[in-house]
Amino acid sequence: MKQTIELGKTQELMVVKQMDFGVFLNTPTGEDTEKILLPKAQVPKDTQLKDVLTVFVYKDSEDRPIATTLEPDLELGQVARLYVKEVTGIGAFLEWGLAKDLFLPFKEQLYPVKEGDAVLVTLYIDKSERLCASMKVYDALRNDSTYQKDDEVYGRVYEISDNFGVFIAVDDMYSALLPAKEVFEKYRINQPVYARVAQVMEDGRLTLSVRKKIPEQMNEDADVIYDCLEMSGGFLPYHDKSDPEVIKREFHMSKNAFKRAIGHLLKAGKITIEKNGIRLK
């Protein structure tokens with residue numbers, strides 16, 4: 001199979017021509033018709049013809065392919081959290097370890113970024129064959145984590161859907177979802193989230209829960225309800241027939257969790273359940 005020089009990737013290329021201003025590189029088999037320049041400042045000392053160098057290929061300020069021995073913070077097919085260096089009238093520019101900053105177009109932003117923001121992005125090649133960043137990272141996140149059910153994980157929100165829930169990048173690299181039924185507060189993009197793995201899907205993606213395992217969570221939920229009862233004079237107009245959305249709004253828990261908690265309080269002899277609500281004993 002013919003080898004080609006790949007834009008946006010680190011690769012091994014061979015020195016095929018030496019000049020005063022640098023060296024020209026090609027694939028080790030010499031099959032690519034386009035040779036690429038590695039500027040003199042980047043050429044390792046004592047480099048000779050036919051030496052194979054590890055370089056990253058991107059485009060310079062004049063959109064010409066160029067090689068560098070510097071290691072960027074992001075390559076094609078990867079995700080990374082990069083800092084916004086500048087916001088202009090055409091989009092934002094990100095720092096990524098190279099002399100030329102990485103362009104983040106407005107259409108690839110999930111919200112208007114500002115200077116100093118740390119944004120999770122992936123790298124892509126646009127229609128003009130330029131390397132650009134995108135905050136739409138869903139397809140670029142990995143699904144090969146070693147996390148198992150009930151493991152504690154850390155991630156950041158990168159997208160929010162009213163239908164599906166909150167999309168979270170665990171460790172800034174693994175795909176995870178906090179389902180809508182588990183969302184009990186208003187989340188924002190980039191918000192840190194500590195959660196528990198509720199399920200590892202067949203494709204390796206993670207389903208998360210911000211709540212603990214049932215026995216431990218039930219005790220905490222019962223304490224919350226008991227405190228609310230005390231602050232409300234001993235009575236609350238909510239019970240096991242109350243609307244789930246009302247329970248979610250008032251107590252930040254699901255209807256099932258609420259029922260388990262008041263059942264726990266009832267069994268402990270701390271409350272009574274009346275027709276119109278629950279009351280402290």
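Q: Why are Arg142 and Asp144 said to form a salt bridge?
A: The closest N and O atoms of Arg142 and Asp144 are 3.0 Å apart. The model is a predicted one. A salt bridge requires a side-chain nitrogen of Lys or Arg within 4 Å of a carboxyl oxygen of Asp or Glu, and therefore the pair qualifies.

Q: Why is Arg142 called partly exposed, and what of Asp144?
A: Arg142 has a relative accessible area of 40%, and Asp144 has one of 44%. Buried means under 20% and exposed means over 50%, so Arg142 is partly exposed, and so is Asp144.

Q: What makes Asp60 and Arg64 a salt bridge?
A: Their closest N and O atoms lie 2.9 Å apart, and the cut-off is 4 Å; the pair therefore counts as a salt bridge.

Q: Is Asp60 buried or exposed, and how do you know?
A: Asp60 has a relative accessible area of 12%. The limit for buried is under 20%, so Asp60 is buried.

Q: Which residues are linked with Asp60 in a network of salt bridges?
A: The network links Asp60, Glu62 and Arg64.

Q: How many aromatic pairs does the structure hold?
A: There are eleven aromatic pairs in the structure.

Q: Why is the pair of Phe56 and Tyr58 called stacked?
A: The ring centres of Phe56 and Tyr58 are 6.3 Å apart, with 25° between the planes. Rings pair if their centres lie within 6.5 Å, and planes under 30 degrees apart count as stacked; the pair is therefore stacked. Both Phe56 and Tyr58 are buried. Together with Trp96, Phe56 and Tyr58 form one aromatic cluster.

Q: What makes the pair of Phe93 and Phe103 tilted?
A: For Phe93 and Phe103 the values are 5.2 Å centre to centre and 40° between the planes. Stacked needs under 30 degrees and edge-to-face needs over 60, so the pair of Phe93 and Phe103 is tilted. The pair links distant parts of the chain, since Phe93 belongs to strand E7 (residues 91–95) and Phe103 to strand E8 (residues 102–105), ten residues apart.

Q: How do you know whether Phe103 is buried or exposed?
A: Phe103 has a relative accessible area of 18%; buried means under 20%, so Phe103 is buried.

Q: Which residues lie nearest the centre of the second largest pocket?
A: Of the eleven residues in its lining, Ile5, Glu34, Ile36, Val57 and Pro65 lie nearest the centre. Strand E3 (36–39) and strand E4 (52–59) are the elements that give two or more residues to this lining. The second largest pocket has a volume of about 250 Å³, and its lining divides into six nonpolar, no polar and five charged residues.

Definitions and conventions: Residues numbered from 1 in each chain as written. Predicted model: local features only at pLDDT ≥ 70, side-chain atom pairs only at ≥ 80, totals over all residues. Heavy atoms only, no water. 1 Å grid on protein atoms, 1.4 Å probe; cavity = no way out; pocket = protein on both sides within 12 Å on 5 of 7 lines; lining within 4 Å. Points joined across faces, edges and corners; volume = space filled by probe spheres on them. Helix = DSSP H or I, 4+ residues; strand = E, 2+ residues; numbered from the N terminus. Nonpolar A, V, L, I, M, F, W, Y, C, P; charged D, E, K, R; others polar. Phe/Tyr/Trp six-rings, centres within 6.5 Å; stacked < 30°, edge-to-face > 60°. Buried < 20%, exposed > 50% of the residue type's maximum accessible area, 1.4 Å probe, protein only.
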